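Thank you all for making time this morning. I would like to take you through one model, and I will ask you to keep it in view while I talk.

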Amino acid sequence: MNGTNGPLTGVRILDLTSVVLGPIATQILGDYGADIIKVEIPEGDLMRSNGVSLNAGMSSIFLAVNRNKRSIAVDLKTPEGMEIIKKLIPEVDIFIHNMRVAAIEKLGLGYDVVSSIKPDIVYCAAPGFGQSGPHRDKPAFDDIIQAACGLASLNSVGKDQPDYAPTLVADKTAGMAVVNSVLAALFHHERTGRGQYVEVPMFETMVSFMLTEHLGGLTFNPPPAKAGYARLLVGGRKPAPTTDGYIAILPYTADHWIAFFRIAGCPELVEKYDVADRRARNAHIVDMYRELAQITCKRSTAEWMAICDELDIPATPIYGIDDLIEHPHLKEVGLFENDVHPTEGPIRYVAPPTRFSATPARVRYQAPLLGQHSSDVLRELGYDEQKIADLKERGVIKEKNVP
């Protein structure tokens, strides 16, 4: 636990999350200094097997969302396993899960039970759907939520069918919402001494996320237009071709467009599209981006980058995900760090991107083996060695040790 001096130092979290949504949230809280006790079933978190692996149970995705945690593997279907969890509850400040609410209540760890053991607990549930609606008991994974929230439909623009974004955007967005919500409830607890139940449903979170710019005409009642932000839906903005690839270039203000058209040798387009007038510019935006693509294809990406830097026009080359570790900015700020995992050997990981001047976020230890800390946590609860050995032998707890 050396170097534990993040802003959440001293906060303890009982983490019953799995897959990505919950683990990315608790990892961020762990990066901020909280002591995360990750409870896994004896078979382990599903994400231990998804992604690239050198050794079974320690996949790239698991490593990416489970650092700064201590793992205990407990069979919660046994009375002894449930007893362990109920002994842990008074020792923590926050309880987080992303199971269906009906399932965790059947297990015996719903809010009423947990808060009866520790009345001031901050209890966060991150189910697929809000519990006051008819979909409360439906299963939810990232694809399901992308489809339900409108993202898959929006992603069909320019295609012949709906499509999913090739990233776990629903899981990760909802995970960020969990972090925000837990921190707000923790702040309330610090002010008042009172805990509360916090619900962060994936579906509602993603609908809110999607409709920030796309509620459109439905903002008003009666609606004067359909939902959707036309500037994004009608096309126009897309990577622009160059002589050697593509570039993301975004003249945004009137000054940007005027400077761009002039340096491109097309000053007549400034008047043609009435660029100085914002409303006229927005009305002509699709045509303006079509002109931009016909202009950018005449010079190289490097040439356009130099021009955009000179004119202060937002622009970047198109980076592939394999290229990011060599991105000059990311290298300079040290976003990628190297470490030696106790079992996986040399690894690269993405460091916490948030910077705190007084209480820096730290990676104190890498993702644990399944149940790596089962004995340690039980000792903290007062279990003696004989009892721990007995629980292992009967399969109530599981533990893999670092060689």
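Predicted model: local features only at pLDDT ≥ 70, side-chain atom pairs only at ≥ 80, totals over all residues.

Strand 2, residues 35-40, and helix 4, residues 101-107, each contribute at least two lining residues, and strand 2 gives the most, with three. By class, the lining of the second largest pocket divides into 18 nonpolar, five polar and eight charged residues.

The largest pocket, for its part, has a volume of about 1400 Å³, and among the 37 residues that line it, Ser60, Ala64, Phe336, Tyr349 and Val350 are the closest to its centre. At least two lining residues come from each of helix 1 (21-31), helix 2 (60-65), helix 8 (169-192) and strand 11 (345-350), with helix 2 giving the most, namely five. The lining of the largest pocket counts 25 nonpolar, six polar and six charged residues.

Which order do the seven strands of the open sheet take? They follow 6-5-4-1-2-3-12, with mixed pairing, and the edges are strand 6 (196-199) and strand 12 (397-398), each of which pairs on one side only. Within this sheet, strand 2 runs parallel to strand 3, residues 69-74, and five bridges join the two; Val39, for instance, has Ile72 in strand 3 as its bridge partner. Helix 1 lies across strands 1, 2, 3 and 4, running at about 155 degrees to strand 2.

Finally, a helix pair. Helix 11 (residues 254-263) packs with helix 14 (residues 285-296) at an angle of about 35 degrees, the axes being 11 Å apart, and the crossing of helix 11 and helix 14 is left-handed. From helix 11, the residues Trp257, Phe260 and Phe261 meet a set in helix 14 that includes Ile285, Met288, Tyr289 and Glu291. The residues of this contact are eight nonpolar, one polar and one charged.

Methods
Residues numbered from 1 in each chain as written. Heavy atoms only, no water. Axes fitted to C-alpha atoms, helices over the stretch in contact; angles between N-to-C directions. Helix = DSSP H or I, 4+ residues; strand = E, 2+ residues; numbered from the N terminus. Left-handed = near helix turned anticlockwise from the far one by under 90°. Contact = heavy atoms within 4.5 Å. Nonpolar A, V, L, I, M, F, W, Y, C, P; charged D, E, K, R; others polar. 1 Å grid on protein atoms, 1.4 Å probe; cavity = no way out; pocket = protein on both sides within 12 Å on 5 of 7 lines; lining within 4 Å. Points joined across faces, edges and corners; volume = space filled by probe spheres on them. Pairing = 2+ DSSP bridges.
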